[in-house]
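Colleague: I've got the model open and I'd like to talk through how it is packed. Can you take me through it?

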Amino acid sequence: GQAPIEMSIVINQQRTYLRLQLKAEPKNFKLAMQGKGFPEIQNYCNNARNKIDELVLEMSRENIPLTAEMLKSYFQKGGVYNTYTLNDLFTEYLSILEKRKGKDLSKDTYNRYVKTTKMFMEHNNLTEDTPAKIISVEHFIKYQVCLNDKYDPATSCNYLQKIKSIFKYAFEAGKIPSNPFYGCKIEKGVKDTILYLTSEELDKIKNHKFKSERLQKVADCFLFACYTGLSMGDMEQLVPEDFQVNKYGYTFIAKKRIKTGVRFCTIVLEDAKEIAKKYDYKIPVISGQKTNAYLKEIADICEIDKELHFHCARHTAAAFFINYRPAIPNETIQRIMGWEDGRMLRHYASIFNTTVFSDINKAFSEPSTHNEYKASTNETKAEIQANMDDIEAFNALLGI
């Protein structure tokens, strides 16, 4: 009857046997090995031998010791790369990022990397034991669809870019045979709705004395960011020595952004300076998750009908600076905010251009209203001129 076909592997006089799945009658097997028929047996054995040759090359590339037992083990598992799981990849990559956390990588960015690995497996019904090499472009597309259903375009893009970076690393490090997401384009979106606070809403937070110390600290951190435009990651890195005073008497902070590495320079205005002094120039930043939870409490207490999160502070600062144009030139705003280019400036400006329609309506309405607006405009010009005087020194500092 039929008998299982066995493969004998001999390396450096060490021998091991491997039973293959195909069975054949001995006489038929003998004829097949002599090339006298039974092509299905010939093809099966040739394919097994070719797979062994491929594994030897893979082991050589990965600097894996070539022994009979190791070769047998990889053959049974389906290849070298099949032993490298998603858990191996994600753990390895996150351990590299963890060493950068708090230096050139913010804690929030690190946490988003952790989150995207979990969501990628969840939305694709994958487990930690899934071989990394089987991931394909279909997994990427399915993940993209799920993210777009759940998040706005900017957030979706952020998570997609991070998972793409992880698999690019795996390929370049020789952990997987190909980059499954090579050529996948990610449309970089920006949020359609920019949530920011008005001066009246800021005053509500500023003038409220919170009974809870934790809420007061979060409120102060939030206000400091509103006045300076600093992100949470950049505020975390602040030390007293970062608060400098130039020859014009301005207190300023000039550093590189943690997120992008772009240099920024922001003036610490009087309200922000009072907060910095209160904490001896050590801003008490806590985790993003807790901060955002506390900001919801603060919004309720101060009767602010907006879903506050910490990034609203940066939006608020941008709104403030943009509404002071042309007193504060575009180049200065870009330098203060640490934007790489003018794209974000143009986006913010388009959001706040609703004020243009209001102003035009006032200017070309009934004569009585027009006269009132004219007086208001003259006053605004005087204020702008005063700000121009102030900003000249700031521009000189920035080299604009």
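This is a predicted model: local features need pLDDT of at least 70, side-chain atom pairs count only at pLDDT 80 or more; totals for chains, interfaces and linings use all residues.

Colleague: What share of the protein chain counts as buried?

Modeller: Helices (H or I, at least four residues) and strands (E, at least two) are DSSP runs, numbered from the N terminus. The protein chain has 17 helices and five strands. Of its 400 residues, the buried share is 41%.

Colleague: Is F120 buried or exposed?

Modeller: F120 sits in helix α5 (residues 107-123), and Y143 sits in helix α6 (residues 137-150), 23 residues apart. Like Y143, F120 is buried.

Colleague: What kind of aromatic pair do F120 and Y143 form?

Modeller: Rings of Phe, Tyr and Trp (its six-membered ring) pair if their centres lie within 6.5 Å; planes under 30 degrees apart count as stacked, over 60 as edge-to-face and the rest as tilted. For F120 and Y143 the centres are 5.4 Å apart and the planes are at 90 degrees, so the pair is edge-to-face.

Colleague: And what kind of pair do F120 and F167 form?

Modeller: F167 belongs to helix α7 (residues 153-172), 47 residues from F120. Their ring centres are 5.7 Å apart, with 55 degrees between the planes. That falls between the two cut-offs, so the pair is tilted.

Colleague: Which residues form one aromatic cluster with F120?

Modeller: By the ring rule, the count comes to 13 aromatic pairs. The cluster that holds F120 also has F90, F140, Y143, F167 and F181.

Colleague: Which residues does A170 touch, not counting those up to four places away in sequence?

Modeller: A170 is in helix α7 and is buried, with a relative accessible area of 0%. Its C-alpha atom is 8.5 Å from that of Y93, 77 residues apart along the chain. With contact meaning heavy atoms within 4.5 Å, A170 touches L89, K175 and I176.

Colleague: At what angle do α8 and α9 pack?

Modeller: The contact is made by L202, I205 and K206 of α8 and A219, F222, L223, C226 and Y227 of α9. Axes are lines fitted to C-alpha atoms, for helices over the stretch in contact, and angles run from 0 to 180 degrees between N-to-C directions. For helix α8 (residues 199-207) and helix α9 (residues 213-228), the axes are 10 Å apart and the angle is about 145 degrees.

Colleague: What is the relative accessible area of R257?

Modeller: R257 is in the loop between β4 (251-256) and β5 (263-267). Leaving aside neighbours within four places in sequence, R257 is in contact with S231, D234, V262, F264, R314, M337 and G338. R257 counts as buried because its relative accessible area is 10%.

Notes
Residues are numbered from 1 along each chain as its sequence is written. Side-chain values use heavy atoms; hydrogens and water are left out. Buried means under 20% relative accessible area, exposed over 50%, partly exposed in between (1.4 Å probe, protein chains only).
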